[in-house]
Amino acid sequence: MKHLVSAPSFTAWVSVALMALLFIAGAFSYTGFGSMQVVLNLLIDNAFLLVIAVGMSFVILSGGIDLSVGSVLALTTMVAAWLLQVAQWPAELVIVVVLLGGAAFGALQGVVIHVFRLQPFIVTLAGMFLARGLCFLISVDSITIDAPLFVTLSQTQIPLFAGAFLSPGALIALAVLGAGLWIAHCTAFGRTVYAIGGGEASALMMGLAVGRTKIAVYGLSGFCASLAGLLFAFYMLSGYGQHAQGVELDAIAAVVIGGTVLTGGYGYVAGALS
């Protein structure tokens, strides 16, 4: 019993059990609460958070932290909205640009952390303020998005069974989770991330590409944050500098509750779903 309680995965199983109990209680208390669509709505409404948590999982597994993800999400919505509504760029090009921009922003933070040997907490905290400030340089007001592609993705319902449905954003989030699981457990990059989190000095002595991997991890986190920003823009159909306040803490909590050790080197990407 003591071994079970001390296991990092214990919090994930407790979270699942509590959610199941609360769902059962709600099903008995409220008409219609026990439908499958209620469960699916949790995924639909929090698809952006799942994507951010997947990226955050890799950062924490490597022994780092990324406090900039919520601000990068907001910046992505603002840049996308401005390019669509003011600059009149095609939606497909906007999607590519913001995804590359988010990955570059994260990779730049990784370069600063690795080259200058700075604490990830300080660097990503500065990145958080920088990204949030850039939002208000674009506009202090909310920018409504009415691009046909974004509106279509916002309103599309993908039927499943018994009248239940998922949104395109939820399916994208599940695809990101699946890709994250494969990268973490079936690739050399994933094994290197675990090794760095377990001990950076040991990883260096084993001849692993520590610097390149750390930069890639933060680039991946930035990419996930910008993808989450797109999903949030699909969901809200707007860009605003105040979007996603405190989401970075929600993502960190989701990763840790899901069984990933905050000091790195041990955990499960699948736990981000919790």
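Tutor: Four helices, α2 (10–29), α3 (36–45), α4 (47–61) and α13 (247–257), each give at least two residues to the lining of the largest pocket. Helices are DSSP runs of H or I, at least four residues; strands are runs of E, at least two; both are numbered from the N terminus. This is a predicted model: local features need pLDDT of at least 70, side-chain atom pairs count only at pLDDT 80 or more, and totals for chains, interfaces and linings use all residues. Residues are numbered from 1 along each chain as its sequence is written, and side-chain values use heavy atoms, leaving out hydrogens and water.

Student: How much space lies in the largest pocket?

Tutor: Rolling a probe the size of a water molecule over the atoms shows where empty space is left. Here the largest pocket holds about 960 Å³. A pocket is an open set of points on a 1 Å grid over the protein atoms alone, where a 1.4 Å probe fits, with protein on both sides within 12 Å along at least five of seven lines; lining residues have an atom within 4 Å of a point. Its volume is the space filled by probe spheres set on the points, joined across faces, edges and corners.

Student: Which residues lie nearest the centre of the largest pocket?

Tutor: Met19, Leu42, Ala272, Leu273 and Ser274, out of 30 lining residues. The largest share of the lining, 9 residues, comes from α2.

Student: Is Leu237 buried or exposed?

Tutor: Buried, at 19% relative accessibility. Buried means under 20% relative accessible area, exposed over 50%, partly exposed in between (1.4 Å probe, protein chains only). Arg117 is exposed, at 58%.

Student: How many salt bridges are there?

Tutor: Side chains of opposite charge can pair when their charged atoms come close. The count comes to 2 salt bridges (a side-chain nitrogen of Lys or Arg within 4 Å of a carboxyl oxygen of Asp or Glu). Arg117 pairs with Glu200, with the closest N and O atoms 3.7 Å apart. Arg117 is in the loop between α6 and α7 and Glu200 in helix α11 (residues 200–205), so this pair ties together parts 83 residues apart in sequence. Lys214 pairs with Glu200 too, at 3.4 Å. Salt bridges that share partners join Arg117, Glu200 and Lys214 into one network. Lys214 is buried, at 13%, while Glu200 is partly exposed, at 26%.

Student: What does the side chain of Arg132 reach?

Tutor: The backbone oxygen of Gly241, at 2.7 Å. Arg132 is found in helix α7 (residues 120–138). Arg132 is buried yet has no salt bridge; the nearest side chain of opposite charge, Glu248, is 4.9 Å away. For charge, Lys and Arg count as positive and Asp and Glu as negative; His and the chain ends are not counted.

Student: Which residues does Ser226 contact?

Tutor: Contact means heavy atoms within 4.5 Å. Leaving aside neighbours within four places in sequence, Ser226 is in contact with Val72, Thr76, Val98, Leu99 and Gly102. Ser226 lies in helix α12 and is buried, at 0%.

Key
A polar contact is a pair of N or O atoms within 3.5 Å; within protein, one must be able to donate a hydrogen and the other to accept it, and residues adjacent in sequence count only if both atoms are side-chain atoms.
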